[in-house]
Amino acid sequence: MRVPLHRVASRTAVESARSTLAALTVSVGTAGLAAAAARPGLLALVDQHAAAVRDSLDGDRRPLTAATLAGYAEGVREAALEHGWTPPRGPVDWSEPEWPLTRLVAVCALARSLGRS
């Protein structure tokens, strides 16, 4: 049986998605998830955002993948930049993180959970 080419993720696409998620984790995910672990309110907020991302990607019906999460994160970042958001360049005040930052940290939380199933 042959699988149509458009149904097979190329190794390059998978590697690109993983690279995107790794860069996101380095830039905001590690610090954001550490802050969330220390702040119950922030953890609840990140969990709410993760649930919204999962819903948006129909994650209850089909498994989330690195490609879907990376694409979603890139879309959030691009839309936020178009609306004047500036990514943090230094330490982040995690007591009141901006919406795009919280959403991106939620994507990192979901990406982290991919390998635990």
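Student: Which residues lie nearest the centre of the largest pocket, and how many residues line it?

Tutor: The largest pocket has a lining of 17 residues, and A23, L24, S27, V28 and R77 are the ones nearest its centre; a lining residue has an atom within 4 Å of a pocket point, and a pocket is an open set of points on a 1 Å grid over the protein atoms alone, where a 1.4 Å probe fits, with protein on both sides within 12 Å along at least five of seven lines. This is a predicted model, in which local features need pLDDT of at least 70 and side-chain atom pairs count only at pLDDT 80 or more, while totals for chains, interfaces and linings use all residues. Residues are numbered from 1 along each chain as its sequence is written, and side-chain values use heavy atoms, with hydrogens and water left out.

Student: Which elements supply the lining of the largest pocket, and what kinds of residue make it up?

Tutor: Two or more lining residues come from each of α1 (11-38) and α3 (66-82), and α1 gives the most, with 6 residues. By kind, the lining holds 12 nonpolar, 3 polar and 2 charged residues, where Asp, Glu, Lys and Arg count as charged, Ala, Val, Leu, Ile, Met, Phe, Trp, Tyr, Cys and Pro as nonpolar, and the others, Gly among them, as polar.

Student: How many helices and strands does the protein chain have?

Tutor: The protein chain has 4 helices and 0 strands, helices being DSSP runs of H or I with at least four residues and strands runs of E with at least two, numbered from the N terminus.

Student: What makes one face of α2 the buried one?

Tutor: The buried residues of α2 are L42, V46, H49, A50 and V53, and seen down the helix axis they fall within an arc of 105°, so they line one face; the arc is taken from the directions between the axis and the C-beta atoms. On the other side of α2, P40, G41, Q48 and D55 are exposed.

Student: What makes α4 a largely enclosed helix?

Tutor: Of the 15 residues of α4, 11 are buried, so the helix is largely enclosed by the rest of the structure; among them are L101, T102, R103 and L104.

Student: Which residues does T102 touch, and which does H49 touch?

Tutor: Contact means heavy atoms within 4.5 Å, and, not counting residues up to four places away in sequence, T102 touches L45, V46, H49 and P97. With neighbours within four places likewise left aside, H49 is in contact with W99, T102, R103 and A106. H49 is found in helix α2 and, with a relative accessible area of 8%, is buried.

Conventions:
Buried means under 20% relative accessible area, exposed over 50%, partly exposed in between (1.4 Å probe, protein chains only).
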